[in-house]
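The entries follow the order in which I looked things up.

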Amino acid sequence: MWRNIASSAISFLVVAVFLVGGIILWGQNAYNAKGPHAGPVCVRVERGASMRGVSDQLAEQGAITSPMVFRMGADYAGKSGDLKAGSWLIPERATMGEITNLITRGGASTCGTEVVYRVGVKASDVVVREMDLKEGRYVEKAAFVPAAGTPPDVFAEVAAQPDTRYRLAVAEGTTTWQVVEALKTLDLLEGDVPEVPAEGTLAPGSYELRKGDTRENMLDEMQTAQEVLVAAAWASRAEDLPLADAQEMLVLASIIEKETGVPDERRQVASVFVNRLKNDMRLQTDPTVIYGITKGKGVLDRGLRASELRTATPWNTYTIKGLPPTPIANPGRASIEAAVNPAQTDFVYFVADGSGGHAFATTLEQHNINVAKWRQIEAERTKAPAPAE
């Protein structure tokens, strides 16, 4: 009798073990299976939120199939207590494991609302953008210029949201003075700027901002990014460049940046200046003349005068040979890479071609023909009637 009871108990335990093992295996498979949602989902995690509340929210939004399995998987991974407040973008068909990682790793919000402080070459502004899940991108909701007065009410509304993301977006070709002046208008930041960094030393790009960050730390971050970029580019430079060091490369890159906004042209423009330096020709580039007038403090909203082309300044490449003593703007990665790896051409001239790009030439005769074409385009544009209102 006891033998039968023991045998039955063992059989029961074996069945129980198999059942538990099967449940665990099923749970693991469900936790790591592709999610049910065919599109991205934006889930907002409030401060102090629980894993139970978030799992229920995810289930309501159709991102997961089982809140219980989600919580068990997060607990097994040791992440139940690691929820991070913010708005998190859950990609379509994300697994429960991937979602757990997304909502527990922290950092800046990846969806919801963001405020972007844009520093441009001609102007700076502030923009509120919101993630459009259907489009899969941020769309602009409101914008204003800080110097123009009181911002729209929507800015106060998003500022009150704890998960609003803040970014600083610095355009290629801005000057360090322009960046510093823009940072001074950001109420989000604290502290003064002891001194304006050297020209060309701030890397254009996107930077995360947090309330309480200091202006000095932001500038340090931008300088570090530029130092890393410049060092890497200089280390991989082409042979026989007429550049003494990385600083001269940065000067050349800044000129390339100001001469063309067409990505495919940068290496060709670089080749013109490299060929001119090798042939002991003056660079004769208008942006250097403009910098000699403005010192990077503002924009010259008019054409250059003939007298200004003849007026000697340390940056006027019509009157000096070689490169100017400093960069004339903050160049981006593409212009820096063009400076160290120019196209292999014989071009020594270029002029605008009316399409936003340039016409290149190897001889003065061909260049004069291109200049004549450009002047004809300018004349036709001047004569063209203004568009009807």
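Entry 1, a helix pair. I looked up the handedness of the crossing of H9 and H12 and found that the crossing is right-handed. For handedness I used this rule: a crossing is left-handed if the near helix is turned anticlockwise from the far one by less than a right angle, and right-handed if clockwise. The model is predicted, with local features needing pLDDT of at least 70 and side-chain atom pairs counting only at pLDDT 80 or more, while totals for chains, interfaces and linings use all residues. Residues are numbered from 1 along each chain as its sequence is written, and side-chain values use heavy atoms, with hydrogens and water left out.

I took helices (H or I, at least four residues) and strands (E, at least two) as DSSP runs numbered from the N terminus. The axes of H9 (residues 266-278) and H12 (residues 333-340) come within 8 Å and cross at roughly 45°. Axes are lines fitted to C-alpha atoms, for helices over the stretch in contact, and angles run from 0 to 180 degrees between N-to-C directions. H9 and H12 are therefore oblique to each other; angles under 35 degrees count as roughly parallel, over 145 as roughly antiparallel, 65 to 115 as roughly perpendicular and the rest as oblique.

I then listed the contact (heavy atoms within 4.5 Å): Arg266, Arg267 and Ala270 in H9 meet Ala334, Ser335, Ala338 and Ala339 in H12. This contact has 4 nonpolar, 1 polar and 2 charged residues. For the classes, Ala, Val, Leu, Ile, Met, Phe, Trp, Tyr, Cys and Pro count as nonpolar, Asp, Glu, Lys and Arg as charged, and the others, Gly among them, as polar.

The axes of H8 and H9 come within 10 Å and cross at roughly 125°, which makes H8 oblique to H9. H8 passes H9 in a right-handed crossing. On the H8 side I noted Leu252, Ile255, Ile256, Glu257 and Glu259, and on the H9 side Arg266, Val269, Ala270, Phe273 and Val274. I sorted this contact into 7 nonpolar, no polar and 3 charged residues.

I noted a volume of about 1700 Å³ for the largest pocket. A pocket is, on a 1 Å grid over the protein atoms alone, an open set with protein on both sides within 12 Å along at least five of seven lines; a cavity is a set of points where a 1.4 Å probe fits but cannot get out, and lining residues have an atom within 4 Å of a point. Grid points are joined across faces, edges and corners, and a volume is the space filled by probe spheres set on the points.

Which of the 49 lining residues are the closest to the centre of the largest pocket? They are Glu259, Asp286, Pro287, Ile290 and Leu304. Elements giving two or more residues to this lining include H8, H9 and H13 (364-383). By class, the lining has 21 nonpolar, 16 polar and 12 charged residues.

I counted 1 cavity of 30 Å³ or more, and the largest cavity has a volume of about 50 Å³. Among its lining residues are Tyr117, Arg118, Asp125 and Leu186. Strands S3 (113-119) and S4 (124-132) each supply at least two residues of this lining, whose residues divide into 7 nonpolar, 2 polar and 2 charged.
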